[in-house]
Amino acid sequence: MPVVEARTRIKAPPERVTSVLLDADLAPEWTAGLERIELIDGVSGEAGCVGHAHYRQGGRDYTLVDVLEEAVPARFYRSRISGSGIAATVETTLTAVGDGATVISIRWTGRGTNPLTRLALPLIKHRIARAAADDLASLRRLVEQI
């Protein structure tokens with residue numbers, strides 16, 4: 001089961017980072033290939049909420065279901081992601097550092113749910129890690145501009 005981790009330091013407190021992180025309208029600005037997030041059930045940022053993340057990558061459209069399983073506001077979020085041949089757990093941790101900044105880290109643990117993705121995921125682990133690092137860098141730039 002591939003595990004991918006990425007982290008970055010953002011010059012903003014965790015509450016400000018969280019406000020951008022949970023803003024569905026801003027998500028496409030920092031997440032590659034994401035066109036929109038649609039809240040299906042619950043309240044954004046609260047455990048139990050369900051969203052559909054609509055992507056377009058490589059000329060292909062697909063939707064991932066995101067169920068927020070645990071939420072500690074401005075500190076920790078754990079989601080279960082499924083669809084398009086994958087099932088993953090994504091843990092996002094925000095840690096305040098002494099100078100008013102935040103270290104945000106993402107840990108993605110996933111598996112393929114069909115023969116093709118079971119074979120492909122371990123082979124593209126490094127590509128997934130690069131995309132996660134790029135998305136966090138984009139998040140950092142966005143938060144620091146606001």
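Biologist: What should I know before reading it?

Modeller: The model is predicted: local features need pLDDT of at least 70, side-chain atom pairs count only at pLDDT 80 or more, and totals for chains, interfaces and linings use all residues. Residues are numbered from 1 along each chain as its sequence is written, and side-chain values use heavy atoms, with hydrogens and water left out.

Biologist: In what order do the strands of the sheet lie?

Modeller: Strands of a sheet pair through backbone hydrogen bonds, either parallel or antiparallel. Here an open sheet of 7 strands runs 1-7-6-5-4-3-2 with antiparallel pairing. Strands (E, at least two residues) and helices (H or I, at least four) are DSSP runs numbered from the N terminus; two strands pair if DSSP finds at least two bridges between them.

Biologist: Why is one side of strand 1 and of strand 2 without a neighbour in the sheet?

Modeller: Strand 1 (3-10) and strand 2 (34-41) are at the edges, each with a single partner strand, so one side of each has no neighbour in the sheet. Strand 2 pairs with strand 3 (residues 50-57) over 6 bridges, and Asp41 has Val50 as its bridge partner in strand 3.

Biologist: Which strands does helix 1 touch?

Modeller: Contact means heavy atoms within 4.5 Å. Helix 1 (residues 14-21) packs on the sheet and touches strand 1, strand 5 (76-83), strand 6 (86-97) and strand 7 (101-112). Its direction makes about 150° with that of strand 6; axes are lines fitted to C-alpha atoms, for helices over the stretch in contact, and angles run from 0 to 180 degrees between N-to-C directions.
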